[in-house]
Amino acid sequence: QVQLVESGGGSVQPGGSLRLSCVASGIALRRYVMAWYRQVPGQERELVARITEMEATNYIDSVKGRFFISRDNAKNTLYLQMNNLKPEDTAVYYCNANWIYIYWGQGTQVTVSS
């Protein structure tokens, strides 16, 4: 059974930092293009950051220079380091694994508020 389990979400003040983790089981993460998405109620889920098997990365413009995606294939874990958080970063963040099949985690809430 494949599982992606996110953790690390929470509530922070603007300017704060959080590190999200996504631990995979049942698949070998090294084969997958991995990504973080986020979703606000009433809006479509949007791609935030993506990392390929060769560790090439790309980000949406609004998080460039603040968010950093990385992977540790030995630990079968994906990360998202989020710095200088803004209220508009508030969302549920989802881990995504994409190869032959596509898998999603259950999501972790990130709230940025003063």
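Predicted model: local features only at pLDDT ≥ 70, side-chain atom pairs only at ≥ 80, totals over all residues.
## Salt bridges

A search of the whole structure finds four salt bridges. In one of them, the side chains of Asp89 and Arg38 meet at 3.0 Å, N to O. Asp89 lies in the loop between E8 and E9, while Arg38 belongs to strand E4 (residues 33–39), so the pair ties together parts that are 51 residues apart in sequence. Asp89 and Arg38 are both buried.

Asp89 also forms a salt bridge with Arg66, with 2.8 Å between the closest N and O atoms. Arg66 sits in the loop between E6 and E7 and Asp89 in the loop between E8 and E9, so this pair ties together parts that are 23 residues apart in sequence. Arg66 is buried, as is Asp89. Through shared partners, salt bridges join Arg38, Glu46, Arg66 and Asp89 into one network.

A further salt bridge links the side chains of Asp61 and Lys64, at 3.0 Å from N to O. Asp61 counts as exposed because its relative accessibility is 63%, above the cut-off of 50%.

## Glu6, buried without a salt bridge

Glu6 is found in strand E1 (residues 3–7). Glu6 is buried but has no salt bridge; Arg45, the nearest side chain of opposite charge, is 7.4 Å away. A salt bridge requires the nitrogen and the carboxyl oxygen to be within 4 Å.

Polar atoms of the Glu6 side chain do lie by backbone nitrogens: that of Gln106 is 3.0 Å from one such atom, and that of Gly107 is 2.9 Å from one. Leaving aside residues up to four places away in sequence, Glu6 touches Gln106 and Gly107, and its other contacts include Cys22, Trp36, Tyr94, Cys95 and Thr108.

## Loop residues

Asn76 lies in the loop between strand E7 (67–72) and strand E8 (77–82). Asn76 is buried, with a relative accessible area of 16%. Beyond four places in sequence, Asn76 touches Cys22, Val23, Ala24, Ser25, Ile27, Ala28 and Leu29.

Glu55 is placed in the loop between strand E5 (46–51) and strand E6 (57–59), and is partly exposed at a relative accessible area of 47%. The C-alpha atoms of Glu55 and Pro14 are separated by 29 Å, the two residues being 41 residues apart along the chain.

## A nonpolar surface patch

Ile100 is in the loop between strand E9 (91–98) and strand E10 (102–104). With a relative accessibility of 59%, Ile100 counts as exposed. Together with Trp99 and Tyr101, Ile100 forms a nonpolar patch on the surface, and the three have about 380 Å² of accessible area together.

Methods
Residues numbered from 1 in each chain as written. Heavy atoms only, no water. Helix = DSSP H or I, 4+ residues; strand = E, 2+ residues; numbered from the N terminus. Buried < 20%, exposed > 50% of the residue type's maximum accessible area, 1.4 Å probe, protein only. Lys, Arg positive; Asp, Glu negative; His and termini not counted. Polar contact = N/O pair within 3.5 Å; in protein donor to acceptor, adjacent residues only side chain to side chain. Contact = heavy atoms within 4.5 Å. Patch = residues over 30% accessible without salt bridge, like charges linked within 9 Å, V, L, I, M, F, W, Y side chains within 5 Å. Areas by Shrake-Rupley, 256 points an atom, 1.4 Å probe, with all protein chains shown as cover.
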